[in-house]
Amino acid sequence: MAGLSSETPSPESITLHGASRVLEVGFSDGSVFRIPFELMRVYSPSAEVQGHGPGQEVLQTGKRKVDIVQLEPIGNYAVKPVFSDGHDSGIYSWDYLYYLGSQQAQLWQEYERRLQEAGVDRDAPMAAKAAPSCGH
């Protein structure tokens, strides 16, 4: 199983390049993608980043220098990176890595558009999370 879709090519190689902060993934169709850690972190498939539905996405900032400190296999269908900022809840299926790699240019444009609309700089620190309410 390549990922979640039978149409996605199978992964044939995966290499972490720490110095250049990219994950290189080669697929059975001959595609080789060098996916920046920052792009992976900004587009993490986790609910913490994506929310639980449309419009609930959390804009990520300050991730330019994020590293992947560990990469855990998840069965035969995905990997789970542990990022240097502590984020570790995203499970990246082979489908999703193929998507990130093949759509990099569009994803970067979308990210820059969202930053501009929010009036936030790419390198700005993340806003502190609101404390949970006790209901009073």
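**Entry 1: rings**

I began with the aromatic side chains and found that ring pairs link F27, F33 and Y98 into a cluster. For a pair I took rings of Phe, Tyr and Trp (its six-membered ring) whose centres lie within 6.5 Å; planes under 30 degrees apart count as stacked, over 60 as edge-to-face and the rest as tilted. By this rule I get six aromatic pairs.

**Entry 2: ground rules**

I noted that this is a predicted model, where local features need pLDDT of at least 70, side-chain atom pairs count only at pLDDT 80 or more, and totals for chains, interfaces and linings use all residues. Residues are numbered from 1 along each chain as its sequence is written, and side-chain values use heavy atoms, with hydrogens and water left out.

**Entry 3: the whole chain**

I looked up the elements next: the protein chain has four helices and six strands. Helices (H or I, at least four residues) and strands (E, at least two) are DSSP runs, numbered from the N terminus. Read from that end, the order is β-β-β-α-α-β-β-β-α-α.

I also checked burial, and 40% of the 136 residues of the protein chain count as buried. Buried means under 20% relative accessible area, exposed over 50%, and partly exposed in between (1.4 Å probe, protein chains only).

**Entry 4: strands**

I reminded myself that strands of a sheet pair through backbone hydrogen bonds, either parallel or antiparallel. Two strands count as paired if DSSP finds at least two bridges between them.

Which strands form the open sheet? I found three, in the order 4-5-6, with antiparallel pairing. Strand 4 (68-74) and strand 6 (92-93) are the edge strands, each pairing on one side only. Strand 4 and strand 5 share six bridges, and I74 has A78 in strand 5 as its bridge partner. Their hairpin has three residues between the strands, and there G75 takes a positive phi near 55°. Strand 5 (residues 78-83) pairs with strand 6 over two bridges, where V79 stands opposite Y92.

I then followed strand 1 (residues 11-17), which runs antiparallel to strand 2 and is joined to it by six bridges. T15 faces E24 in strand 2. Four residues lie between the strands of this hairpin, and R21 takes a positive phi near 55°.

**Entry 5: the core**

I went looking for nonpolar cores, meaning sets of buried Ala, Val, Leu, Ile, Met, Phe, Trp, Tyr and Cys residues joined through side-chain atoms within 4.5 Å. The largest one has 25 residues, and M40, Y43, Y92, L97 and L100 have the most contacts inside it. Helix 3 gives the most to this core, with five residues.

Why is helix 3 described as largely enclosed by the rest of the structure? Seven of its nine residues are buried, so I can call it largely enclosed. Among those buried in helix 3 are W94, L97 and G101.

Not counting residues up to four places away in sequence, L97 touches L23, V25, F27, I35, M40, V79 and Y92.

I ended in helix 4, where R113 lies.

Notes: Contact means heavy atoms within 4.5 Å.
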